[in-house]
Amino acid sequence: MPIIKMNEVYERIKDLDRKNIKILDLSELNLQTFPEEIFEFKNLEELNLCKNHLTKIPKEIEKFEKLKKLNLNENSISCTQEEIINLP
């Protein structure tokens with residue numbers, strides 16, 4: 001599977017309504033980092049980033065105050081128990 005560049009991710013999400021989107025699926029895009037643009041989606045309730053190549057959860061994830069479901073399955077994330085407890 002080819003690696004999708006961050007500008008391609010941006011192109012896919014740039015026209016979405018950042019205020020009203022509640023579910024965002026960025027799975028299977030071979031992402032290596034969280035796209036910064038996703039943090040503009042303040043009302044996200046579900047974020048799917050499974051089957052990528054993510055290695056860490058950024059601190060900015062705390063910005064998702066309404067997030068109920070975060071799918072990070074099949075990534076290479078390593079984090080401490082304290083980091084997991086502090087997720088929204």
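Mentor: Buried means under 20% relative accessible area, exposed means over 50%, and partly exposed lies in between (1.4 Å probe, protein chains only). This is a predicted model, in which local features need pLDDT of at least 70 and side-chain atom pairs count only at pLDDT 80 or more, while totals for chains, interfaces and linings use all residues. Residues are numbered from 1 along each chain as its sequence is written, and side-chain values use heavy atoms, with hydrogens and water left out.

Trainee: Is Val9 buried or exposed, and how do you know?

Mentor: Val9 has 1% relative accessibility. The limit for buried is under 20%, so Val9 counts as buried. Val9 is found in helix H1, a helix being a DSSP run (H or I) of at least four residues and a strand a run (E) of at least two, both numbered from the N terminus. Val9 and Glu37 are 28 residues apart in sequence, and their C-alpha atoms are 8.8 Å apart in space.

Trainee: Which residues touch the most other members of the largest nonpolar core?

Mentor: Leu26, Ile38 and Leu47 do, in a core of 19 residues. A nonpolar core is a set of buried Ala, Val, Leu, Ile, Met, Phe, Trp, Tyr and Cys residues joined through side-chain atoms within 4.5 Å. Beyond its neighbours within four places in sequence, Leu26 is in contact (heavy atoms within 4.5 Å) with residues including Val9, Ile13 and Leu49.

Trainee: What makes the pair of Phe34 and Phe39 count as it does?

Mentor: Rings of Phe, Tyr and Trp (its six-membered ring) pair if their centres lie within 6.5 Å; planes under 30 degrees apart are stacked, over 60 edge-to-face, and the rest tilted. The whole structure has 2 aromatic pairs. In Phe34 and Phe39 the ring centres are 6.4 Å apart and the planes stand at 10°, so this pair is stacked. Phe34 is buried at 8% relative accessibility, and Phe39 is buried with a relative accessible area of 8%. Ring pairs link Phe34, Phe39 and Phe64 into a cluster.

Trainee: Why is the meeting of Glu45 and Lys22 called a salt bridge?

Mentor: A salt bridge needs a side-chain nitrogen of Lys or Arg within 4 Å of a carboxyl oxygen of Asp or Glu. For Glu45 and Lys22 the N to O distance is 3.9 Å, and the pair is a salt bridge. Glu45 lies in the loop between strand E1 (23-25) and strand E2 (46-48), and Lys22 in the loop between helix H1 (6-13) and E1, 23 residues apart. Glu45 is partly exposed at 23% relative accessibility, and Lys22 is partly exposed with a relative accessible area of 45%.

Trainee: How many salt bridges are there in the whole structure?

Mentor: There are 3. Glu45 also bridges to Lys68, with the closest N and O atoms 3.9 Å apart. Lys68 has a relative accessible area of 68% and is exposed. Glu62 and Lys59 form a salt bridge at 3.2 Å, N to O. Shared partners join Lys22, Glu45 and Lys68 into one network.

Trainee: Why do E1 and E3 count as edges of the sheet?

Mentor: The open sheet has 3 strands in the order E1-E2-E3, with parallel pairing. E1 and E3 each have a single partner strand, so one side of each is left without a neighbour in the sheet.

Trainee: How do you know that E2 and E3 pair?

Mentor: Two strands pair if DSSP finds at least two bridges between them. E2 and E3 have 3 bridges, in the parallel sense.
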